[in-house]
Amino acid sequence: MQFIHHGPGKAWVRTATDLLWPFIVAGKRWSNLPVLRWLIRPFFMRPYNEITTIPIQAAVETPGSVVLPRRIVERLLEDVKDIFILDECICRTHYRADSPPRSIGCIALGPAIRRIHPSHGRTAATDDAKRHVERAARAGLVANIAHVWIDPVAFGTRFRDLIFICLCDDTHCLYRTHMKHRGPTLDGAYQRLPGLSVSIDREVCLGCGECVEKCFLGDIRIREGKAEIGIACAGCGRCVEVCPNGAVTLALADEEAVYGNLVRWIRGVSELPLRKTGNTAA
Ligand code: SF4
Ligand code: SF4
Ligand code: SF4
């Protein structure tokens with residue numbers, strides 16, 4: 001029988017997260033300061049911090065059909081062998097928040113999950129993981145595909161073949177919150193998935209500013225009475241949901257192309273084995 005050395009259990013990870021929390025929050029503000037901004041940058045930027053967003057909560061209308069970005073996440077789940085569902089979201093647990101439910105935790109992918117301590121959740125089959133994502137979408141959560149240093153550190157596992165699907169809200173997520181206060185060295189911390197675009201119809205926009213408030217990156221400005229999206233947009237789709245006038249549109253190239261882009265992105269940042277690529281070695 002093979003002995004597996006597991007990383008730390010749930011109680012340790014909760015405590016470590018609570019201790020680390022103020023530093024990560026402050027780090028976003030410190031990234032505005034001279035010298036510090038360059039010391040902080042590696043903690044939030046490539047190659048140790050890669051995040052792309054998939055707006056699973058949104059339906060995208062294309063001529064003749066409605067494509068759910070969630071389908072992109074489902075295809076990823078079909079293409080990986082090792083899946084582990086965390087039974088609690090560490091960020092919402094930090095705040096003792098029940099809405100959205102803290103029982104909707106991240107999904108970890110890749111051979112590295114075998115070292116995650118069983119107290120964090122369960123290994124899962126594809127259909128189980130798809131149901132988890134569907135539940136997250138119904139709760140209004142956004143999926144972030146992440147290859148970030150903090151996960152292997154927290155769970156005591158490998159970095160290279162570990163990818164997380166984080167199912168986050170805008171109020172409690174350690175990474176998403178406070179991003180508005182970042183310095184320019186952290187622009188691009190969230191990468192928009194190629195093939196996904198967000199645009200504002202200036203004829204329809206009334207300049208009410210609700211999208212400005214909602215954008216977690218602070219990347220929308222009102223200019224001459226109309227909203228404008230900047231270049232840092234991660235494509236999370238929140239501004240689409242919040243606009244009372246239907247002025248914001250989320251568009252997706254065809255499913256095949258977007259999924260191909262996601263696969264290329266994952267292969268560019270990690271060594272996650274994907275069945276689609278024929279690289280299934282564990
Ligand atoms: S990153 Fe997102 S899913 Fe993961 S623990 Fe934080 S809020 Fe929850
Ligand atoms: S919420 Fe809609 S109408 Fe209001 S500023 Fe934004 S795009 Fe314009
Ligand atoms: S502009 Fe809209 S889609 Fe882009 S990051 Fe901001 S809220 Fe998300």
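Predicted model: local features only at pLDDT ≥ 70, side-chain atom pairs only at ≥ 80, totals over all residues.
Trainee: OK, which domains does the assignment give?
Mentor: The domain assignment gives domain 1 as 10-191 + 254-277 and domain 2 as 196-252, with bounds that come from an automatic or database domain assignment. The C-alpha centres of domain 1 and domain 2 lie 23 Å apart.

Trainee: And how many residues are in contact between domain 1 and domain 2?
Mentor: In domain 1, 18 residues are in contact with 15 residues of domain 2, where contact means that the C-beta atoms, placed from the backbone, lie within 7 Å. On the side of domain 1 that touches domain 2, the elements giving two or more residues are strand E2 (60-62) and strand E9 (190-192); helices (H or I, at least four residues) and strands (E, at least two) are DSSP runs, numbered from the N terminus. That side of domain 1 divides into 9 nonpolar, 5 polar and 4 charged residues, with Ala, Val, Leu, Ile, Met, Phe, Trp, Tyr, Cys and Pro counted as nonpolar, Asp, Glu, Lys and Arg as charged, and the others, Gly among them, as polar.

Trainee: Switching to the ligands, which residues surround ligand 1?
Mentor: Ligand 1 is surrounded by Cys89, Ile90, Cys91, Arg92, Cys106, Cys166, Leu167, Cys168, His172, Cys173, Leu174 and Tyr175, a residue being near a molecule if its C-beta atom, placed from the backbone, lies within 6 Å of it. Helix H4 (90-94) and strand E8 (163-168) are the elements that give two or more residues to this shell, and by class the shell around ligand 1 has 10 nonpolar, 1 polar and 1 charged residues.

Trainee: What about ligand 2, which residues are the closest?
Mentor: Ligand 2 has 13 residues around it, and the closest are Cys205, Cys208, Cys211, Ala227 and Cys243. Its shell divides into 9 nonpolar, 3 polar and 1 charged.

Trainee: And around ligand 3?
Mentor: There, 14 residues surround ligand 3, with Cys215, Cys233, Cys236, Arg238 and Cys239 the closest, and the shell divides into 9 nonpolar, 2 polar and 3 charged residues.

Trainee: Now the helices: how do H3 and H5 cross?
Mentor: The axes of H3 and helix H5 (residues 126-138) come within 9 Å and cross at roughly 160°, the axes being lines fitted to C-alpha atoms, for helices over the stretch in contact, with angles that run from 0 to 180 degrees between N-to-C directions. H3 and H5 are therefore roughly antiparallel to each other, since angles under 35 degrees count as roughly parallel, over 145 as roughly antiparallel, 65 to 115 as roughly perpendicular and the rest as oblique.

Trainee: Which residues of H3 and H5 meet?
Mentor: From H3 there are Arg70, Val73, Glu74, Leu77 and Glu78, which meet Thr126, Ala129, Lys130, Val133 and Ala137 in H5. By class, this contact of H3 with H5 has 5 nonpolar, 1 polar and 4 charged residues.

Trainee: How do H3 and H9 cross, then?
Mentor: The axes of helix H3 (residues 70-79) and helix H9 (residues 255-269) come within 10 Å and cross at roughly 55°, and H3 and H9 are therefore oblique to each other. Arg71, Ile72, Arg75 and Leu76 of H3 make the contact with Glu255, Val258, Tyr259 and Leu262 of H9.

Trainee: Last one, which peptide bonds are cis?
Mentor: The bond from arginine 46 to proline 47 is cis, with omega near 5°, and proline 47 sits in the loop between helix H2 (36-44) and strand E1 (49-54). The bond from serine 99 to proline 100 is also cis, with omega near -5°.

Technical notes: Residues numbered from 1 in each chain as written. Chains lettered and ligands numbered in written order. Contact = placed C-beta atoms within 7 Å.
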